Amino acid sequence: MDKRKRIIEWQDPGAVREQADGLSALDIMRGIRDGRLPPPPIARLIGFHYVGVEPGEIVIKLQPEQSLETVN
């Protein structure tokens, strides 16, 4: 079996909290969507992106990469 390696990078959550201090949850999600704030590590791990952020609705697009694929 062919082994592969994947490297995930993320920012220090404490630094992100400081950047988001004083913002509403909606503004934080919009900041992530617009690239003003870094996404949470899980987003990078599984490959999702915020594409829509409105009151009461967040739309996430998932682009799974090879390590998440299943083989039948």
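Visitor: How many salt bridges does a search of the whole structure find?

Guide: A search of the whole structure finds four salt bridges, a salt bridge being a side-chain nitrogen of Lys or Arg within 4 Å of a carboxyl oxygen of Asp or Glu. Side chains of opposite charge can pair when their charged atoms come close. Before turning to the pairs, please note that this is a predicted model, in which local features need pLDDT of at least 70 and side-chain atom pairs count only at pLDDT 80 or more, while totals for chains, interfaces and linings use all residues. Residues are numbered from 1 along each chain as its sequence is written, and side-chain values use heavy atoms, with hydrogens and water left out.

The setting comes first. The protein has three helices and two strands, where helices (H or I, at least four residues) and strands (E, at least two) are DSSP runs numbered from the N terminus. From the N terminus on, these elements run α-α-α-β-β. The radius of gyration of the protein, taken over C-alpha atoms, is 15 Å, well over the 11 Å that the globule rule gives for 72 residues, so the protein is more spread out than a compact globule; that rule is 2.2 Å times the number of residues to the power 0.38. Along the principal axes, the C-alpha trace spans about 50 × 25 × 15 Å. Buried residues (under 20% relative accessible area, with a 1.4 Å probe and protein chains only) make up 17% of the 72 residues.

Now to the pair formed by Arg30 and Glu54, whose side chains meet in a salt bridge at 3.5 Å, N to O. This pair links distant parts of the chain, with Arg30 in helix α2 (residues 25–34) and Glu54 in strand β1 (residues 48–54), 24 residues apart. Arg30 is partly exposed, with a relative accessible area of 23%, and Glu54 is partly exposed as well, at 42%; partly exposed covers the range between buried and exposed, the latter meaning over 50%.

A further pair joins Asp34 and Arg36, whose side chains meet in a salt bridge at 3.0 Å, N to O. Asp34 counts as partly exposed at 41% relative accessibility, whereas Arg36, at 54%, counts as exposed. Gly35 lies in the loop between α2 and α3 (41–46), and Gly35 is exposed, with a relative accessible area of 60%. Gly35 and Gln63 are 28 residues apart in sequence and 17 Å apart in space, C-alpha to C-alpha.

There is also a salt bridge between Arg4 and Asp2, with the closest N and O atoms 3.1 Å apart, and both of these residues are exposed. Ile7 lies in the segment before α1 (13–20), and Ile7 is exposed too, with a relative accessible area of 69%. The C-alpha atoms of Ile7 and Val53, 46 residues apart along the chain, are separated by 28 Å.

Finally, for the charges taken together, the mean positions of the 10 positive and 11 negative charges are 6 Å apart. In that count Lys and Arg are positive and Asp and Glu negative, with His and the chain ends not counted, and each charge is placed at NZ of Lys, CZ of Arg, CG of Asp or CD of Glu.
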